[in-house]
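Please keep the sequence and the model in view while reading.

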Amino acid sequence: MLNDATTPLSLLRTRRSGRPRDMIAPGPSDRQLAAMLEIAARTPDHGKLAPWRFAVVPGAARARLGEVITAAYRAERPQAAATEIAALEAFATQAPALVVVLSQPKLESHIPLWEQELSAGAACMNLLHAAHAMGFVAGWVTGWPTYSDAVRDAFAPAPARIAGFVFIGSPGAPLEERPRPAIEAVVSTWGA
């Protein structure tokens, strides 16, 4: 069973993201989403800088975000095919809930930028864990909108960057395990 929340270890051992396009209602309530974000904020954070931000995009604003994304894409790629535009229009409206996680480093800090960026990634992962532990499915997605300055500017100015779009909902299709690396291929013993 994937995302088995019977114990913390079983959840970690069986964690599987869901595809945003397969997510259906119900999504988290406002109170549940607030709890997930509180959990996500309990991430490793050298220097207590909170070098990340969470931008909740409510249902009423999702179509507007789609417009921002497609306008930015058309400006960058005026010859874009209709299928590309349609996919981008649908991107922001997938799944019942959407949180845009921003890496918002404090450049004036003595804490290295890399550590601050890693903390933003950890915040994304904690948000996934919180959603799965609460019985929902979540997916951390990047793709073209993540790297667009125009899309980023809709949330925050540089040096902020979009760490990812985290979609949350209920599974509308069975989750399928994906291939995982053989542990001996990714683990070594130093000095042996």
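Predicted model: local features only at pLDDT ≥ 70, side-chain atom pairs only at ≥ 80, totals over all residues.

Is F91 buried or exposed, and is F167 buried or exposed? Both F91 and F167 are buried.

**Aromatic pairs**

- Four aromatic pairs are present in the structure.
- One of them joins F91 and F165 in an edge-to-face arrangement, with 5.0 Å from centre to centre and 85° between the planes.
- Because F91 belongs to helix α4 and F165 to strand β5, this pair ties together parts that lie 74 residues apart in sequence.
- F165 is buried, as is F91.
- F91 also pairs with F167, again edge-to-face, at 5.5 Å centre to centre and with 90° between the planes.
- This second pair links distant parts of the chain, since F91 is in helix α4 and F167 is in strand β5, 76 residues apart.
- Together, F91, F165 and F167 make up one aromatic cluster.

**Helix α3**

- Helix α3 covers residues 59-76, which amounts to 18 residues.
- From its first C-alpha to its last, α3 reaches 27 Å, close to the 26 Å expected at 1.5 Å a residue.
- The buried residues of α3 are R62, L65, G66, V68, I69, T70, A72 and Y73.

**Where the two topics meet**

Note on methods. Residues numbered from 1 in each chain as written. Heavy atoms only, no water. Helix = DSSP H or I, 4+ residues; strand = E, 2+ residues; numbered from the N terminus. Expected span 1.5 Å × (residues − 1). Buried < 20%, exposed > 50% of the residue type's maximum accessible area, 1.4 Å probe, protein only. Phe/Tyr/Trp six-rings, centres within 6.5 Å; stacked < 30°, edge-to-face > 60°.
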